[in-house]
Amino acid sequence: MDDTTDHLAPIEAAIEEEGLLLARDNDDEALRITFKSEGDRYFVVGYRDDPNFVMIGSGWALPADASIEEATEVANTLNVRKKFVKTAIWEDERDALFTVELCVSNAEEVRPHFGRLLDVLRDTAAEFFHELRDEGEDDDGR
Amino acid sequence: MVSESVSRFIEAEGHRVEVTALEDSGSLAEIVFRTRGQMFSVAVSEADPNRFSLSTAYEVPDWVRDRAGSPTDTLSDIEAEYLGTRFMLAQDGTIFVATLEYETTSVEEFMQHFWKIVGRLRDAGNTAVERMVDRSESKAAADKFIREFMKGER
């Protein structure tokens, strides 16, 4: 790996400043960092041919009893309302993905805001599953 | 050992930990970690393996100290609202330490509820800071009104 193209290094530093442990999984095309916070898994992805793009995210399995339609409805509501975070439903895998996608001159720009971005990712996922449960209960007439 | 079990658990959850023995005997230990921008410590005793003490510290804003006098009343109110949480002013009142004592049947049970306990302590601490600030603001407004009133301008 060519270290000169490791443009995610400032984000790695931000993760360490948060007191978190991390792992690297880089290849010729992409730079990937994975880490956990309070037991939940997160990832950071960047592409060697597009150093201005940075994505931070987390992925969760949908509950077995949740319908894709309801999940999509909740995701749409959150996409209208939430700052920074995009919520997407990956239908084939029955996963919900929460991502923050940024255009930066240098990933160092993300560093001072990393804690906030992690907070919004965590809060959005919590809100998503809370609202999904509420939707399910409404449908059951509970 | 209890300290090893707890520190391994916190590490497995993704957090770097520092473990410090608090006694020469090695019976008491403090495990320090950081989450959501805040340092927490878990005090454990090998002699009393089912008791845990979780602590975190908050700064008392300068202007709160100057205007509201002692924030002890606020901390007492929050202690009543968050049962099991204790607050202690430290370093000449510049900070307060929030502590939650947790007694359980096993280390595993403590770890099962670990992040909820951390969240509860964080809520109590944040509420205390918010309440101190609110009281200071309302007290400052009341003081201002009283001063003006005494001058006969109202």
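## Helix α2 of chain A

Helix α2 of chain A covers residues 68-81, and its 14 residues reach 20 Å from the first C-alpha to the last, close to the 20 Å expected at 1.5 Å a residue. The model is a predicted one.

Within α2(A), the buried residues are A:Ala71, A:Val74 and A:Ala75. Seen down the axis of α2(A), the buried residues fall within an arc of 100 degrees, so they line one face of the helix. An α-helix has 3.6 residues a turn, so residues three or four places apart point the same way. What does the face of α2(A) turned away from its buried side carry? That face carries the exposed residues A:Glu69, A:Asn76 and A:Val80.

Strands of a sheet pair through backbone hydrogen bonds, either parallel or antiparallel. In chain A, β2(A) and strand β3 (residues 40-47) run antiparallel and are joined by eight bridges. One pair can be named here: A:Phe35 has A:Tyr42 in β3(A) as its bridge partner. The hairpin of β2(A) and β3(A) has two residues between the strands, and in this hairpin A:Glu38 takes a positive phi near 50 degrees.

Strand β3(A) is also joined to strand β4 (residues 50-61) of chain A, by five bridges, and these two strands run antiparallel. The bridge partner of A:Gly46 is A:Val54 in β4(A). The strands β3(A) and β4(A) form a hairpin, with two residues between them.

## Contact between the chains

Eleven residues from chain A and eleven residues from chain B make up the contact. On the side of chain A that touches chain B, the elements giving two or more residues are β2 (30-37) and α3 (114-139) of chain A. Which element gives the largest share of that side? The largest share comes from β2(A), with three residues.

Sorted by class, the side of chain A that touches chain B has four charged, four polar and three nonpolar residues.

## The sheet of chain B

Chain B has an open sheet of six strands with antiparallel pairing, in the order β1-β2-β3-β4-β6-β5. Its edge strands are β1 (17-21) and β5 (85-90) of chain B, each of which pairs on one side only. From one strand to the next, the twist averages 25 degrees.

Within chain B, strand β4 (residues 51-59) and strand β6 (residues 95-103) run antiparallel and are joined by nine bridges. B:Tyr58 has B:Phe96 in β6(B) as its bridge partner. Helix α1 (residues 2-12) of chain B packs on the sheet and touches β1, β2 (28-35) and β3 (38-45) of chain B. The direction of α1 of chain B makes about 10 degrees with that of β2(B). Helix α3 (residues 72-81) of chain B also packs on the sheet, where it touches β5 and β6 of chain B. The direction of this α3 of chain B makes about 165 degrees with that of β5(B).

## B:Asp134 in helix α5

B:Asp134 lies in helix α5 (residues 114-150) of chain B. Is B:Asp134 buried or exposed? It counts as exposed because it has 12 C-beta neighbours inside 10 Å, and a residue is exposed if 12 or fewer other C-beta atoms lie within 10 Å of its own.

B:Asp134 and B:Glu108 are 26 residues apart along the chain, and their C-alpha atoms are separated by 39 Å.

Conventions
Residues are numbered from 1 along each chain as its sequence is written. Chains are lettered from A and ligands numbered from 1 in the order in which they are written. This is a predicted model: local features need pLDDT of at least 70, side-chain atom pairs count only at pLDDT 80 or more; totals for chains, interfaces and linings use all residues. Two strands pair if DSSP finds at least two bridges between them. Helices (H or I, at least four residues) and strands (E, at least two) are DSSP runs, numbered from the N terminus. Axes are lines fitted to C-alpha atoms, for helices over the stretch in contact, and angles run from 0 to 180 degrees between N-to-C directions. Two residues are in contact if their C-beta atoms, placed from the backbone, lie within 7 Å. Ala, Val, Leu, Ile, Met, Phe, Trp, Tyr, Cys and Pro count as nonpolar, Asp, Glu, Lys and Arg as charged, and the others, Gly among them, as polar. The expected span of a helix is 1.5 Å times one less than its number of residues. A residue is buried if 20 or more other C-beta atoms lie within 10 Å of its own, exposed if 12 or fewer, and partly exposed in between; C-beta atoms are placed from the backbone. The arc is that of the directions from the helix axis to the C-beta atoms.
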